[in-house]
Amino acid sequence: MKIGVLFSGGKDSCLALSKAMKEHEIVCLISIVSKNKESFMFHTPNIHITNMQAEASGIPLVSVSTEGKKEDELKDLERAISEAKDEYDVEGIVTGSVRSTYQSSRIETICKKLDLWCFNPLWLIDEIELLNEIIESGIRAIISGVFAFPLEKEMLGKPVDQELIKKLTVLKEKYSINPAGEGGEMETTTLDAPFFKKKIEPTETKTNYKDYSGTFEIEKARFVEK
Amino acid sequence: MILIISTCSQKLNEDEFVRPIEKLLLKNGFDFETKHYFKVSELEYDKIIICGTALKDFEYLKDIEKFSWIKDYDGKILGICSGMQIIAGVFGMKMKENVVIGIKEVVAAKQNTLINGKFKAYFLISKQPVLNNDFISLTKDDSIIKHKSKEFYGCSFHPEVINQELIVNFCKL
């Protein structure tokens with residue numbers, strides 16, 4: 001089946017892509033660039049890096065921008081999926097949704113309307129199991145945003161690794177932080193994956209942080225041979 | 001021993017519709033085996049859970065004769081979404097178009113052992129069975145049905161997403 005993957009460039013969409021590749025032909029990645037940093041639907045930090053991630057993966061990217069107003073976002077998502085269907089004959093969509101019924105039901109509704117299959121290969125996976133699977137599958141991601149107490153500035157730019165999992169496990173028990181960031185507590189950016197022909201190396205970055213909310217923005221990056 | 005039956009025609013959908021039920025049973029200490037419906041032959045199981053599948057997947061409806069064993073089965077069955085449609089199909093119920101995607105409130109109409117009261121449920125359906133005389137509805141909207149004499153249940157929403165206790169209660173029957 002020809003598949004388009006909803007792709008934010010974070011750890012979850014990369015793992016979903018990795019799983020989908022084993023079963024189907026991936027014909028494009030679909031990214032929504034939201035101008036609204038509080039977007040309910042779409043990951044925002046470093047979304048521009050999806051261009052490099054797509055190039056590194058050798059998969060075409062369908063990128064659509066949105067103002068990020070709550071229900072208009074969905075029209076823009078539908079436009080992006082529709083464009084992918086027309087341009088690449090997409091028959092099904094893969095998402096990295098883990099637990100958000102808000103997000104998944106809206107994507108399912110669009111797929112139903114456009115007569116497309118919908119796959120959510122990470123659906124209901126345990127968050128710690130998800131993080132371990134990401135690491136074991138060779139996906140190298142960094143924390144590109146933190147948005148909840150007590151997540152510290154020092155976490156920004158740090159890799160998603162076993163050390164981070166230990167820290168997030170403690171924070172889950174103590175503060176009910178969702179370790180996978182499903183509650184919007186944090187965002188990630190993938191710099192390398194087994195299906196990347198080259199890895200991405202940030203060369204200029206900017207950190208913004210105040211009151212347990214911050215981003216690690218990759219302003220410039222380059223490809224590095226693996 | 002519980003048998004979990006996959007109705008997914010696409011393997012990738014099993015991560016979404018089968019794996020979460022396996023993990024729930026594992027977490028609650030129930031012994032189970034999982035098989036795709038193509039491979040179900042022996043029925044040496046106390047209970048069977050027939051899982052759901054993708055909204056666009058209707059292959060199982062073309063294969064309804066492969067489920068004819070249901071009528072003679074002596075154990076307990078819980079059919080979720082497409083599983084409910086399969087049970088309905090075996091007992092000759094017709095389907096009506098009824099697209100429900102997302103969270104919706106459900107009200108139990110009859111006291112039962114699976115779930116009671118008013119609760120929110122996650123739906124992902126496009127067809128719903130029209131009840132016949134073999135079945136009764138346990139909710140006001142026919143989202144949970146039960147065979148009149150056998151312990152065969154159909155559930156049109158996905159209790160593995162919200163209301164996991166429904167599946168656990170079924171496994172304890």
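**Entry 1: helix H1 of chain A**

I looked up burial along helix H1 (residues 11-21) of chain A. A:Lys11, A:Asp12, A:Ser13, A:Cys14, A:Leu15, A:Ala16, A:Leu17, A:Ser18, A:Lys19 and A:Ala20 are buried. I call a residue buried if 20 or more other C-beta atoms lie within 10 Å of its own, exposed if 12 or fewer, and partly exposed in between, with C-beta atoms placed from the backbone. That makes 10 of the 11 residues of H1(A), so the helix is largely enclosed by the rest of the structure. Helices (H or I, at least four residues) and strands (E, at least two) are DSSP runs, numbered from the N terminus.

I note the ground rules here. The model is predicted: local features need pLDDT of at least 70, side-chain atom pairs count only at pLDDT 80 or more, and totals for chains, interfaces and linings use all residues. Residues are numbered from 1 along each chain as its sequence is written, and chains are lettered from A and ligands numbered from 1 in the order in which they are written.

**Entry 2: the two domains of chain A**

Next I checked the domains. Chain A splits into domain 1 (2-119) and domain 2 (139-225); the bounds come from an automatic or database domain assignment. Their centres, taken over C-alpha atoms, are 20 Å apart. Domain 1 of chain A puts 19 residues into the contact and domain 2 of chain A puts in 23. Contact here has C-beta atoms, placed from the backbone, within 7 Å.

Which elements give two or more residues to the domain 1 side? They are H1 and helix H2 (50-57) of chain A. H1(A) supplies the largest share, five residues. By class, I find eight nonpolar, nine polar and two charged residues on that side. Ala, Val, Leu, Ile, Met, Phe, Trp, Tyr, Cys and Pro count as nonpolar, Asp, Glu, Lys and Arg as charged, and the others, Gly among them, as polar.

**Entry 3: a sheet in chain A**

I traced an open sheet of four strands in chain A, in the order E7-E6-E9-E8, with antiparallel pairing. Strands pair if DSSP finds at least two bridges between them. Strand E7 (186-192) and strand E8 (198-210) of chain A are the edge strands, each pairing on one side only. The twist averages 20° from one strand to the next.

E8(A) runs antiparallel to strand E9 (residues 213-225) of chain A, and 12 bridges join them. A:Glu201 stands opposite A:Arg222 in E9(A). A:Thr207 has A:Phe216 as its bridge partner. Two residues lie between E8(A) and E9(A) in their hairpin, and A:Asp211 in the turn has a positive phi of about 50°.

H2(A) lies across E7, E8 and E9 of chain A, at about 160° to E8(A). Axes are lines fitted to C-alpha atoms, for helices over the stretch in contact, and angles run from 0 to 180 degrees between N-to-C directions.

**Entry 4: chain B**

Chain B has an open sheet of seven strands, ordered E2-E1-E3-E4-E9-E8-E7, with mixed pairing. Strand E2 (32-36) and strand E7 (135-137) of chain B each have a single partner strand, so one side of each is left without a neighbour in the sheet. Strand E4 (residues 76-80) and strand E9 (residues 152-155) of chain B run parallel, joined by four bridges. B:Gly79 stands opposite B:Gly154 in E9(B).

Last, I looked at the chain interface. 17 residues of chain B are in contact with 16 residues of chain A. E5(B) gives the largest share of the chain B side, four residues.

Terms used: Two residues are in contact if their C-beta atoms, placed from the backbone, lie within 7 Å.
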